[in-house]
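Colleague: I would like to learn how to read a structure like this one. Could we go through it together?

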Amino acid sequence: MIAFVLRRFAQAVIVMLAVALVAFVMFRFMGDPITNLLGQDATVADRQAMMERLGLDRPMPVQYFDFISRAVQGDFGISYRMARPVSEVILERLPATLELAAVSGLMALLLGVSFGVYTALRRDGWLSHVIMTVSLIGVSLPTFLIGILLIWVFAVELGWLPSFGRGETIQIGWWRTGFLTESGLKSLILPAITLGLFQMTLIMRLVRSEMLEVLRTDYIRFARARGLSSRAINFGHALKNTLVPVITITGLQLGAIIAFAIITETVFQWPGVGLLFINAIKFVDVPVMSAYLLLIALIFVTINLIVDLLYYAVDPRLRVERPKAADTT
Amino acid sequence: MTEPLLQVRNLRVEFPTRHGTLVAVDDISFDIAKGEVLGVVGESGAGKSMTGSAIIGLIDPPGRIGGGEVLLEGRRIDNLPPSEMRKVRGRKIGMVFQDPLTSLNPLYTIGEQLIETIQTHMALSDSAARKRAIELLGEVGIPAPESRLNSYPHQYSGGMRQRVVIALALAADPALVIADEPTTALDVSVQAQIIALLKRTCAEHGAAVMLITHDMGVIAETADRVAVMYAGRIVEIGPVREVIKSARHPYTEGLMASIPSLSHEQDRLFQIDGSMPRLNAIPPGCAFHPRCPHVFARCREERPELVQSGASRAACWLHAGDRR
Ligand SMILES: Nc1ncnc2c1ncn2[C@@H]1O[C@H](COP(=O)(O)OP(=O)(O)OP(=O)(O)O)[C@@H](O)[C@H]1O
Ligand SMILES: [Mg+2]
């Protein structure tokens, strides 16, 4: 068990180092940091002095190491555009993205699994056909189009829900939440649906096909032959086996939700890190871009690690162990 | 005479397909008495498994029972509503499948699966069910059953798992156990032990056995009676000794001749040429006639019924006049 965790952890660290290298190269070579700080008409002497002050004249590996050690301490430099520490800006924007991702992730997971199980069990029911058809729309329409359609129907035509922003928020420590006000919750609905719809359909289709697969296995047949109730068979035996492979994909999907938030945040002008990143690209605000890259990578790697551990907890076959007694039959 | 435990009457299992209906089990009838071991043999595709599945009501769609009836203890069970049939499965009829490696749910411990089955059919407390589970594991020869209750299937070997499967089939003391090739997937060295165990434990629990197998040798040692199936029909059924010693149907004769341990008793040794017809090309008359060394005109036109011939019954025109 401990060896397994350590191995996975080491892999995660290696991935992070690789991403950090990309972020570093971007940070160091994309645009010209000196020009960005001093402006076009600085003298050569000024530039040289700045180079030395920032340590940009040192050998590359040293600079890379320096970049990493500062990143670990949460220091990603100063935003060119906002002239504030990048970590401060990101921390300010992170709660908005995390709240949005959590709501859409939860929605995608709960609805995806329920619909998946339902359509597998009632394969020929009319409701299953409706759900499958609608889900086809969910996977085939691009996210921004779904967002715009939702805005058009629910914000413009019906006027039920706001079309942009987070509504009123309340500050709790450094965390700014939209969960505690009515306008905050209302503002969350459309972006959350937009962001979660694709993942929901994906999870649903995955659960459905896995479940159909599991229902055909011998142990389900044997469970029937033992006279177990269909409830015990479907939800005890079949669903648990279905969820084993689903966990992996779902974990990756939750990571993807945070990464895809960029589009949704742009459509709904949601003040999260995704929107921050888009604006950073527009202004070639390289420190913000590389910090965002690292943040997304960290989230992916963490989720992956959790998924592996969960997998391990659910599936006894992964817990390597020798059969206790030698075969006596 | 007492009423048989199981009566199968004119059972028919069919698969509707685009090119017409395929008949996998064609109008078969037989009985199993209480505590009796009935062997069922036949080539691959003869309809042995389908017969077993039909009895326990587990034919996968689009397959269906196309006719006939199945009676258990005098009560019809082939047309029961699903909730009633569920009480028959496991409680009245237990089942042992071919592959113990895939018969057990990999995510639950042996104990959980046993206790769940016991509590589905018997109103027992958790501790009483647990006690029964340990007893059952002990009966099927799992050493240190108490500690092995918490093991997962992957921690058991194939032979051990089939013992667990037998324990599961017997968990609620059924009156009949259908064992569909219970040893085919096992290592040769453990096959005999598992068959002996199946026979002994079923006898102890008073359960009759329908033993489906390819292996005539196993039947010779285990069964009381044997039914020989060919192309969805029973071609011969009778006491094991009788069928082995003096097979009535030419197909049975061929089958016996192909078993080395039995064939030395035979003076006529012959090989059956050809193979069993596909379901969509079953010949008219006797399905065996294209391969039969004794074929004559009537075999090609009229389908023979099972008729008494000595202690056995055979479906062959050679014995049609043999009625007594
Ligand atoms: N889904 C299906 N559609 C059409 N025919 C089928 C289907 N399932 C089984 N059959 C046919 O039913 C017939 C009987 O099959 P069954 O499994 O009972 O044979 P068996 O005697 O048990 O053979 P084996 O020794 O290989 O287990 C076979 O000819 C098979 O092709
Ligand atoms: Mg079979």
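Colleague: Is B:Lys87 buried or exposed?

Modeller: First, the ground rules. This is a predicted model, where local features need pLDDT of at least 70, side-chain atom pairs count only at pLDDT 80 or more, and totals for chains, interfaces and linings use all residues. Residues are numbered from 1 along each chain as its sequence is written, chains are lettered from A and ligands numbered from 1 in the order in which they are written, and side-chain values use heavy atoms, with hydrogens and water left out. Now the terms: buried means under 20% relative accessible area, exposed over 50%, and partly exposed in between (1.4 Å probe, protein chains only). B:Lys87 has 51% relative accessibility, so this residue counts as exposed.

Colleague: Which residue forms a salt bridge with B:Lys87?

Modeller: The general idea comes first. Side chains of opposite charge can pair when their charged atoms come close. The rule here asks for a side-chain nitrogen of Lys or Arg within 4 Å of a carboxyl oxygen of Asp or Glu. The partner of B:Lys87 is B:Glu84, with the closest N and O atoms 3.4 Å apart. B:Glu84 is partly exposed, at 30%.

Colleague: Where do B:Glu84 and B:Lys87 lie?

Modeller: Both are in helix H2 (residues 82-88) of chain B, three residues apart, about one turn of the helix. Helices (H or I, at least four residues) and strands (E, at least two) are DSSP runs, numbered from the N terminus.

Colleague: Which helix holds both A:Arg70 and A:Asp66?

Modeller: Helix H4 (residues 60-72) of chain A does. A:Arg70 is partly exposed at 26%, and A:Asp66 is partly exposed at 22%.

Colleague: What does the salt bridge of B:Arg303 and B:Asp26 tie together?

Modeller: Start with the distance: N to O is 3.1 Å. B:Arg303 lies in the loop between helix H13 (297-301) and strand S11 (307-309) of chain B, and B:Asp26 lies in strand S2 (residues 20-32) of that chain, so the pair ties together parts that are 277 residues apart in sequence. B:Asp26 is buried, at 13%. B:Arg303 is partly exposed, at 29%.

Colleague: How many salt bridges does the structure hold over all chains?

Modeller: The total is 26.

Colleague: How much area do chain A and chain B bury between them?

Modeller: The size of an interface is often given as the accessible area lost when the parts come together. Here buried area is the accessible area (1.4 Å probe) that two parts lose on being put together, summed over both. Chain A and chain B bury about 3,000 Å², 56% of it on carbon and sulfur atoms. In contact terms (heavy atoms within 4.5 Å), 29 residues of chain A meet 38 residues of chain B.

Colleague: How many salt bridges does the rule find across the interface of chain A and chain B?

Modeller: The rule finds one. B:Asp60 pairs with A:Arg221, the closest N and O atoms being 3.1 Å apart.

Colleague: Which element gives the most to the side of chain A that touches chain B?

Modeller: H10(A) does, with seven residues.

Colleague: How many residues surround ligand 1?

Modeller: There are 13, and B:Ser44 and B:His214 are among the closest. A residue counts if one of its heavy atoms lies within 4 Å.
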